[in-house]
Amino acid sequence: MNTYIDIGINLTNKQFYNEHDEIINRALDNGVEQMILTGTSVRGSKESAGIAEDYPEILFSTAGIHPHDAKSFTHESIGELRKLLKQDHVVSVGECGLDFDRDFSPRPVQEKCYKAQLELSIEINKPLFLHERAAFKRFNVITDDYLSRLPEAVIHCFTGTLEEAKSYLDKGFYLGFTGAVSDDKRFKQLEDVIRYVPLDRMMIETDAPFMLPKNMPRMQNRRNEPSFLPYIGQTIARLKKVTSSEVADETTETARKFFRL
């Protein structure tokens, strides 16, 4: 059986309440050997780190403030994140970045919060788990100011254009792909992106419970979970005309090195 690493799951989401053991065991049964829990706020990052601690060498976590939650950012936030990131199983700074699609937090607040987390990643030298939605230009203006000092970075849940993908690759960034790759109506442009991006610059993630792959058998339950990660690998294999095993091996090795697992 192929083995995988899911670089982004939202296990603290209320849809997974009281089901952690079942979710993790189903993932393991489907070859998903390691999973990284996404931190999207100080509180959520603490919760993710606590869950990951209970499943050593299987679960890891990130610590950060999502742009939607930037309005919760205070002068104490970075100290709280720094404390979490001193733990070995907290492997990355993020999810952080800019989201001008929803604007759940004011844009100047998003930018201040993002810059603080870029500085934190430089200080502690842990890789970045980045979010950018409808903010490509401004995101890059800010990021470029720090680029020469940044550790490695992955643009999580990439759904942009081929030109945007090329821009991120030129910076040395990695791209994380979700079930969006199998949605040929809403995200048709990703077919060209997948064909272009080298396998060793890709990682895969479910972003569970969101982004359910479209190439799955029809189910009553429309909730995504990490056990479905192989469906993302299958779509990438089809588009790149390689085997699913190659996708599994390459993305797993890339994720292991990137997050220093």
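**Exercise 1. Find where helix α3 sits on the sheet, and describe the strand order.**

Step 1. Helix α3 (residues 77–85) lies across β3 and β4, at about 145 degrees to β4. Here helices (H or I, at least four residues) and strands (E, at least two) are DSSP runs numbered from the N terminus, and angles run from 0 to 180 degrees between N-to-C directions of lines fitted to C-alpha atoms, for helices over the stretch in contact (heavy atoms within 4.5 Å).

A word on the model: it is predicted, with local features needing pLDDT of at least 70 and side-chain atom pairs pLDDT 80 or more, while totals for chains, interfaces and linings use all residues. Residues are numbered from 1 along each chain as its sequence is written, and side-chain values use heavy atoms, without hydrogens and water.

Step 2. The open sheet has 8 strands in the order β1-β2-β3-β4-β5-β6-β7-β8, with parallel pairing (at least two DSSP bridges between two strands).

Step 3. β1 (4–9) and β8 (202–204) are at the edges with a single partner strand each, so one side of each lacks a neighbour in the sheet.

Step 4. On average, neighbouring strands are turned by 30 degrees against each other, direction ignored.

Step 5. α2 also packs on this sheet, touching β2 (32–37), β3 (59–63) and β4, and its direction makes about 165 degrees with that of β3.

**Exercise 2. Work out how β5 meets β6.**

Step 1. β5 pairs with β6 (residues 153–155) in the parallel sense over 3 bridges.

Step 2. Look for L130: I155 in β6 stands opposite.
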